[in-house]
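Student: I'd like to go through this model with you, one question at a time. Could you show it to me?

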Amino acid sequence: MRQLQLPALAAFTLLIAVSGWWSIRFAAGPAEFSMLWVPGGILLGALLTAPKKQWPIFLACAFVAFFAVNTYLQRGAAVSLLFSLCNLLDAWCAAYFITKYAPDVAQLASIKRTIRIAAGATFLACLAPALIAASARHLFLSSPTSFWILFETWYASHVIGLIIFSTLTVVSRIEGWRIFGPPKRRAELVVTQLLIALCTWLVFFKLPLPISFALLPLLIVSVLRHRFSGFVPAIALIALIATTATAAGQGPFAHGLNVTSEVSRTHTLQLYLLSCCMVAFPAASVLTQRRILNHALKRSEQQYRMLAEHSRDLILRIGPARSLDYISPSVTEMLGWSAEEFERIRWELVHPEDVAVLQDAISPLYAHGGAASAVYRCRHKQGHYVWLAANLQSVPEENGHFAVVYSGRDVTSRIEAEQALEQQARRDPLTGLANRLLFEERMTLALARAKRNRSSVGLLYCDVDFFKNINDSYGHAAGDYALQIFAQRMRQCTRAVDLTVRLGGDEFAILVEDITSSHNLEVIAQKLITTMTEPVTFREVTFKISTSIGIGRNAIGSADAELLLQLADGALYQAKAAGRGTWRLTEAPQD
């Protein structure tokens, strides 16, 4: 909370005293009540823009000023005290209700709503003080003016003064030097206000004709050019000059309208000031809100563009016609392409297998709106593919169609890590062959295809002969090396489409699809046995390995996995019983 300094409080007290002296001395209406009460508006504006903890200080300073002015004008101590309290009461009540129902009074974006609440609060807040002041004036000072005229004069002068000058004070304290507009247009604003002041002075002091309406075009021009910066000071200048002239018996309200009654002149002046406010305020509030909204929109667009252009993600705006209305600069860093190149060949860059994935995600957004996501591959300018995770959100257009905002992130590292984990989960870490999990998955698929295509599947069960002797004689390191060599030789003897598997320990298998004859399986088995006879050298030790192979072949179109496993297992048992280093074949009866 900003601390109040003694010089600032002294200046505030002096301002209240001077404006109060002017309001009574140079703006006097019936029975010396002011036609325009300026210091109440200044006090209200100060309260609205100060924390409530500081309100007592402002009220105390204002009371001192009010009491001093009333005493100086020889109204007596009791009446001066009562009038001063009334002047405090209406400003305090108005501030209390305004801050309760419009706590965002400092936000010019909601100035229209704030002014509406402030006007209602001011009309209510001035009722009780006006009744008290009129009663005191009528009873204690023996005024010949009727009570209701005294009440009307006090009430109207305080309402108008609070509305006009509280607005001026609030805007001045919020905006500071910005109340004079942008630096490039301040000279124009000052000239405009001087012109309004000069014309008001001419109309109310020099010209004998009732042409007060001539000021309205100037006021509107000031508002249209400068919004609230042109409205608030212009209204204040018109109010001060017009009130001074009318109180002095000059101006159109004293001559042009043939009005001789002091009361009528007062009411006419007050209605004129209210009319000026009602004519200019709507335009000022609308233009101010528009300026604030435009500024907020521009700032939002700048922030969005800054985020989009400095984001490492790829940001796209895809219009209703599927055109790329915006491509963020990150496309070059992420994919190597310039924005122009990417726009021209974007679908050609999507991996052929993923085009349908991306189109299926985007198409429903144009038809029904909503959000979607897709993970796909996009070709880098250097030739390799990059995995992108795209979030897609539809945005409604004014014509009822949808645009799509795309945000894509490079997830190549994540996908590759997932694939590596997937690979590890389905591969034997020692030999690199498929493990039992992948074997079971592939066997299910192979048998399903065989049933659909009316073909058969072959399975070769392979054991390393006397593997325990290798471990016992040369150590586990030699045994692991023997298994690796065994797996390597298996790959050499099989096709790329065949699945070589390590089931565990020294047990291996080969899954062969699309078998037309058992001869194909026999060739593989014999090739394995021959290849395995080559000696294995581990460090300085040389030893031999051999294998026993059991071959199982299911019936054409059969999908019985358990039967196929039994056939291969039985054949392996037969090969071992035959002395090892050989193979045996067992076939299911063919239909």
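This is a predicted model: local features need pLDDT of at least 70, side-chain atom pairs count only at pLDDT 80 or more; totals for chains, interfaces and linings use all residues.

Student: Thanks! In which segment is the place of Pro589?

Tutor: Residues are numbered from 1 along each chain as its sequence is written, and side-chain values use heavy atoms, leaving out hydrogens and water. Strands are DSSP runs of E, at least two residues, and helices are runs of H or I, at least four, numbered from the N terminus. Pro589 lies in the segment after β12 (583–587).

Student: Is Pro589 buried or exposed?

Tutor: Buried means under 20% relative accessible area, exposed over 50%, and partly exposed in between, with a 1.4 Å probe and protein chains only. The relative accessible area of Pro589 is 68%, so Pro589 is exposed.

Student: What separates the C-alpha atoms of Pro589 and Ala555?

Tutor: Along the chain, Pro589 and Ala555 are 34 residues apart.

Student: Which residues have the most contacts inside the largest nonpolar core?

Tutor: A nonpolar core is a set of buried Ala, Val, Leu, Ile, Met, Phe, Trp, Tyr and Cys residues joined through side-chain atoms within 4.5 Å. The largest one here has 82 residues, and its largest share, 11 residues, comes from helix α7 (residues 147–175). Those with the most contacts inside this core are Leu43 and Phe231.
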